[in-house]
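Trainee: I would like to learn how to read the contacts and the strands of a protein model with care. Could you take me through them one feature at a time?

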Amino acid sequence: MLKNYLLVAFRTLLKNKGFSFINIIGLSIGMAVALLISLWMWDELTYDRYHENYDRIAQVWQHNLYNGVRTSQVSNPYLMGEEIRNLFGSDFKYVLQASWNLPHILTHGDKMFNKSGYYFEPEVTDMLTLHMLKGTREGLKDPHSILLSESVAKAFFGDADPLGQLMRIDNQADVKVTGVYEDLPHNTFFRGMGYLLPWELYLISNPWIKKMDDPWGSNFTQTFVQLAEGADLEKVSAKIINVKLNKLKDEENRKYKPEVFLHPMSKWHLYAEFKNGKNVGGRIEFVYLFGTIGVFVLLLACINFMNLSTARSEKRAKEVGIRKSVGSLRWQLVGQFFSESILVSLFSLTIAVLLVQLTLPFFNTVADKKLSMPWGSISFWGIGILFSVFTGLVAGSYPSFYLSSFQPVKVLKGTFRTGRLASLPRQVLVVIQFAVSVTLIIGTIVVFRQIEYAKNRPVGYDRSSLIQISMSTNDIHQKFETVRNELKTAGAVEEMAESGSPPTQVWNSNGGFTWKGKDPSLAIDFPNNGVTYEYGKTVGWQFKAGRDFSRDHATDSLAFVMNESMEKFLGLENPIGEVLTWDKRPFTIIGIIKDMVVESPYEPVRPSLFHISKDEGNVVLIKLNKTTDAHQAIRTVENVFKKYSPSAPFEYTFVDEDYARKFGDEERVGKLASFFASLSVLISCLGIFGLASFVAEQRTKEIGVRKVMGASVFALWQMLSRDFVVLVFLSFIISMPLSYYFMNNWLSQYEYHTNLVWWIFIASGLGALIITLSTVSYQSIKAALINPVKSLRSE
């Protein structure tokens, strides 16, 4: 019987090639979208599961009260790990201190690269899952050792054995290669970890760390833990809550009321956002969003199948009547129709897999992923076939039960008519289709408007022709004036400065400030950037009041330039000339600049300060001469830098490009949403095209009679298109409040956001209407142009 079902199903598909093509292509696109989104969601949901101890690894975080707001941070004092080990050692298998994943200059022979990696305590090789290709896991116990990733080892040593080879770090310390581990996958927190260095070497290379007066008041390292077997994360987290508070000596630091807690590895990627000390999610919202889109796009394709199958009910009515009259039971007819839908679904799955394979490179680029088809996975194919069968059952459910319900007596007597109400379910499904498509279109427009709104936000400085160079050595810092003068003399640059942080990030913040009228109980923490005198001219500060730093004023070594947000926060009537005491030293406010957007372009700018510092050489900022060719200017800068710092590779970034990366997540969402919205519209149009074809075929004789009676082509086009226009209008009415609700909620998560304006909804509705009319018009005009003699010949 099954063989007969499939044979009849195959013949039916061949008999109705046009409708079969529309069904298969529509389902293929819908299933391809669902497969792409499933691969993306699987990659997101399995983030960090590469590590065998995934369920017991956590990161130590803190909640602090800064400027009246409860904030959460991952950076800790360097003694945090040691203190937790000493007090609560039985609750943990490992407590490890680590640096940030920052680039350092690695040198071997004549090869020199800037690579990112961590300084870590030696047990990291047991806590994390590292597949050692050469050497031993015990390598980091030697303070002058290094473990390399496979790709970094290949870059330096090719096919030669790297074990025992000497390398130099930042032209300061020599280390010996004691192991090589396999590159970590793309979907892990530690991706791109090019090497591991001993924590002890970090302390040796930075002797200032152990000389701090209050080491618990500075947060600049990370702490990772692995819980002991049977330990409960929530209970252990509650135990360590006051570890830092109990060690703070300074009363000003105690005002922050730090609360230490554990953030499990399972939440690092998808639940990394905190507000007012509460976890509010994060990328998990994208997982829900695209999962919902995938379901709806597949549903649109299923709706096409339902509509086209039921629309042709009159043509299959006699088949049902004859089958029932010769003894076929209803469940057998249901089985027959389900076999047709499942067969279509299996054909569609084959095409969908090919479509996914073809589009994966594009999808990976847009989504910043490294997804691949798991061809060798039995579970993938098993799930794929089950998914296809399920899709077939969903798509074929309504047609199967609808068609099998026909009464054979009425059908065979010729009195069976579907009637006007028979089309009602199809009309409802078309409305749902276009309501989803219009909602996706509106959502896509809003996302791109939000991105453009933030991009057009005044940033408070001039990013054009501005480059930044992160320095890993002190060579340029020690000869800064010489390098600056040589570059200006060569005409390659307009100005050059040093800074503790780049213009697009905050690397340092401080507390302990006092001023006239300050509330003594207020715990404060402000970004406080140490710069050289030329910083303002280099970045193009925009002054609201006061003046810039100047070498002509000796007192500027104890002066602050602050931003507008700081002016508002202080609440001083005329802050120029007022004194802020910091670190027991009086600093005079000499200037107020417009807010520089340093952090998120979607959030308010934090109150910030700038001061003169002779010790800050982390970042070199260069304003290229706009009258000189940029490539030639950069070559000149490179030659001068290599002259004075031969041990460091010359690597730079344009500040405007670095700033543009802040929009990465939103731009990816926008591009993916527009991609899926386009496909949903295409699927809907395929369905409309099929239905329009059917309607035109069904009303052929009516059209012939109307033409004979003098109806024009335009009148016939109007008649055939009217019903579809009404359906699209209804879908627009439904999609408006839905899209407004969802997009208004999405925008509300940003402090700095665009507004929902009326034209977005009107433009989306008109766009859907134009697309519908374009799709329907082909069939409508084709039917209207048919010679009435041909359509009425049988009469």
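The dialogue below takes up salt bridges, aromatic rings, strands and a surface patch in turn.

Trainee: What should I keep in mind before I start?

Mentor: This is a predicted model, in which local features need pLDDT of at least 70 and side-chain atom pairs count only at pLDDT 80 or more, while totals for chains, interfaces and linings use all residues. Residues are numbered from 1 along each chain as its sequence is written, and side-chain values use heavy atoms, with hydrogens and water left out.

Trainee: How many salt bridges does a search of the whole structure find?

Mentor: A salt bridge is a side-chain nitrogen of Lys or Arg within 4 Å of a carboxyl oxygen of Asp or Glu, and the search finds 33 of them. One of these joins the side chains of Lys-369 and Asp-43 at 2.7 Å, N to O. Because Lys-369 lies in the loop between α11 (330-367) and α12 (378-403), and Asp-43 in helix α2 (residues 17-45), this pair ties together parts that are 326 residues apart in sequence. Helices here are DSSP runs of H or I with at least four residues, and strands are runs of E with at least two, numbered from the N terminus.

Trainee: Is Lys-369 buried or exposed?

Mentor: Buried means under 20% relative accessible area, exposed means over 50%, and partly exposed is in between (1.4 Å probe, protein chains only). Lys-369 is buried, with a relative accessible area of 9%, and Asp-43 also counts as buried, at 12%.

Mentor: A salt bridge of 3.6 Å, N to O, is formed by the side chains of Asp-665 and Arg-283. Asp-665 lies in helix α21 (residues 664-698) and Arg-283 in the loop between β14 (278-281) and α9, so this pair ties together parts that are 382 residues apart in sequence. Asp-665 is partly exposed, with a relative accessible area of 30%.

Trainee: How far apart in helix α19 are Lys-642 and Glu-638?

Mentor: They are four residues apart in helix α19 (residues 630-644), and therefore separated by about one helical turn; their side chains meet in a salt bridge of 3.0 Å, N to O. Lys-642 is partly exposed at 44% relative accessible area, and Glu-638 is partly exposed at 23%. Elsewhere, salt bridges that share partners join Asp-43, Glu-44, Arg-283, Lys-369, Asp-665 and Arg-668 into one network.

Trainee: How many aromatic pairs does the structure hold?

Mentor: Rings of Phe, Tyr and Trp (its six-membered ring) pair if their centres lie within 6.5 Å, and planes under 30 degrees apart count as stacked, over 60 as edge-to-face and the rest as tilted. The structure holds 51 such pairs. The rings of Tyr-66 and Tyr-256 have centres 4.9 Å apart and planes at 80 degrees, so the pair is edge-to-face. Tyr-66 lies in strand β1 (residues 57-66) and Tyr-256 in the loop between α8 (251-254) and β12 (259-264), so the two tie together parts that are 190 residues apart in sequence, and both are buried.

Trainee: Which residue lies over the face of Phe-663?

Mentor: A charge sits over a ring if NZ of Lys or CZ of Arg is within 6 Å of the ring centre and within 35 degrees of the ring normal. Lys-455 lies over the face of Phe-663, at 5.7 Å from the ring centre, and the charged end of Arg-457 sits over the ring of Tyr-752, 4.1 Å from its centre.

Trainee: Which residues make up the covered face of strand β8?

Mentor: In a regular strand the side chains alternate between the two faces of the sheet. In strand β8 (residues 166-169), Met-167 and Ile-169 form the covered face, and Leu-166 and Arg-168 the uncovered one. Strands pair if DSSP finds at least two bridges between them, and four bridges join β8 to strand β9 (residues 173-181), the two running antiparallel. Met-167 stands opposite Val-175 in β9. The two strands β8 and β9 form a hairpin with three residues between them, and Asp-170 in the turn has a positive phi of about 50 degrees.

Trainee: Which helix gives the largest share of the nonpolar patch?

Mentor: Patches are made of residues with over 30% relative accessible area and no salt bridge, like charges being joined within 9 Å and nonpolar side chains (Val, Leu, Ile, Met, Phe, Trp, Tyr) within 5 Å. The largest share, three residues, comes from α14. The patch consists of Phe-296, Leu-299, Leu-424, Val-428 and Ile-432, with about 380 Å² of accessible area together, where areas come from the Shrake-Rupley method with a 1.4 Å probe and, for residues, only the protein chains shown count as cover.
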